[in-house]
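Biologist: Before we go through this model feature by feature, could you show me how to read each one, beginning with a single residue and its surroundings?

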Amino acid sequence: MRYVYKKPHVRALMRAYDTFGRFFLRRRLRRLSGPPRRIALLLLHQIGDAIMALPTIQAVGKAFPDAELHVIIGSIAERLLAPSLSGATLHCFDAAWDATVKHTFGAESPEGSESALGNLLLRLQPDAALAFHPDVRVNRALGVSRIPISIAFGNAGGGFWLTDVVDMPVSGHQVERNFALARRLGKVCGVDFGLPGAPRLSISEEASASVREQLGDSSGQRLAALHPFGRFSSRNWSIEGWAAVIGAIEGRGMIPALIGGPKDSASQFLERSTRAIDMTGKLSLPETAALLKMCGLFVGIDSGPGHIAAAVGCPVVCVFSAANTPERWAPFGDNVEVVTPQGINREQLPLEVTDLAEGVTTNPYTEGITPEGVIVAIEKVLKRAGK
């Protein structure tokens, strides 16, 4: 098993825990006489991750049309995915141990504890459960709940709690890696799941109407959404680069629409534009999806809005930091261009770094990305889109 932990002593402790569990605690139930009638699907994490799980969830629903689907999902992603999961029952659960939950909601709370997750599963009493994110606490909650078929990734440890442990594939996009869970369920139940499709988000008319009202006269214009704001400093690109992109977009007769959260400031980007619209902090996630559906282009960093844009069919150019791997984490869609820095020294710039060291004034993870490269990518996606 390839554990997700970076520290050798943590991997060793988890290996010992798993070895003990396989000998003394492993459970194999599988007492179903037919196909599962109630299936739980656990997301519990970030917006992009939730979107990348959509093809697997929708494939499970299609394979078992008579089954009840219960999706356990974080409250932020729930508002965005609800229209796309209209055939499922959604249960909001913000796992207190998740970094995103801590950042967004603050300290841990009993409502998001591991025992609370176990109690929720006991109330639902599913015949089968799939968990998308490697997490030893989720695996343990699945085991304690004694679900007849429990399938999850064992890379965070605790795989012995599951009836079927899946080793996360080492290659492919995360959409494709998630689909390994569906394939294991198909193997258990004798169903062929085929290949995953691209994530597709549905938009509510309420969200679309709200965006049109906020845009006013601009709603009929050719809009290009820009998302230059990163929660992690290692993903940010230079102001000069964005200024060049804004100029190129306006040169094509498009109006830049800046999107971001309430804490993001668009002032330094607006100073470099003659037509840009400031939508930062004004849109909910469903409204953001509705706006992106209206746009003819999205340009942004590696973050949730890029995944939303691809999932609503908007042409996407992703300015992708070397802190992550685009082959796995880039937006997954029909018209996506990813621009990455060239000549990266991995010994000096390790993967999965979130924030830069204090006092660093330039970002080594994106300074190899040129405005010319991004503008070429913009031309490619617009040409493919016929715009």
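Modeller: Let us start with Ser150, which touches Ala129, Leu142, Trp161, Leu162, Thr163 and Asp164 when residues up to four places away in sequence are not counted. Please keep in mind throughout that this is a predicted model.

Biologist: Where does Ser150 sit, and is Ser150 buried or exposed?

Modeller: Ser150 is found in strand β5, residues 149-153, and its relative accessibility of 1% places it among the buried residues, for which the cut-off is under 20%.

Biologist: What would a residue on the other side of that cut-off look like?

Modeller: Take Leu356, in the loop between β12 and α14, which has a relative accessibility of 22% and therefore counts as partly exposed. Leaving aside neighbours within four places in sequence, Leu356 is in contact with Ser233, Ser234, Thr362, Asn363, Pro364 and Tyr365. The C-alpha atoms of Leu356 and Ser75, which are 281 residues apart along the chain, are separated by 29 Å.

Biologist: Turning to the sheet, in what order do its strands lie, and is the pairing parallel or antiparallel?

Modeller: Strands of a sheet pair through backbone hydrogen bonds, in either a parallel or an antiparallel manner. Here 6 strands form an open sheet, with parallel pairing, in the order β9-β8-β7-β10-β11-β12. At the edges stand β9 (277-278) and β12 (336-339), each with a single partner strand, so one side of each has no neighbour in the sheet.

Biologist: How many bridges join β11 to β12, and which residue stands opposite Val316?

Modeller: Strand β11, residues 316-319, runs parallel to β12 and is joined to it by 4 bridges, with Val316 standing opposite Val336 of β12.

Biologist: Which strands does helix α9 lie across, and how does α9 meet helix α14?

Modeller: Helix α9 (residues 239-251) lies across β7 (223-227), β8 (255-258), β10 (297-301) and β11, and runs at about 180° to β10. The axes of α9 and α14 (residues 371-385) come within 9 Å and cross at roughly 35°, in a right-handed crossing. On the α9 side the contact is made by Gly241, Ala244, Val245, Ala248 and Ile249, and on the α14 side by Pro371, Val374, Ile375 and Ile378. Sorted by class, this contact of α9 with α14 has 8 nonpolar residues, 1 polar residue and no charged ones.

Conventions: Residues numbered from 1 in each chain as written. Predicted model: local features only at pLDDT ≥ 70, side-chain atom pairs only at ≥ 80, totals over all residues. Heavy atoms only, no water. Pairing = 2+ DSSP bridges. Helix = DSSP H or I, 4+ residues; strand = E, 2+ residues; numbered from the N terminus. Contact = heavy atoms within 4.5 Å. Axes fitted to C-alpha atoms, helices over the stretch in contact; angles between N-to-C directions. Left-handed = near helix turned anticlockwise from the far one by under 90°. Nonpolar A, V, L, I, M, F, W, Y, C, P; charged D, E, K, R; others polar. Buried < 20%, exposed > 50% of the residue type's maximum accessible area, 1.4 Å probe, protein only.
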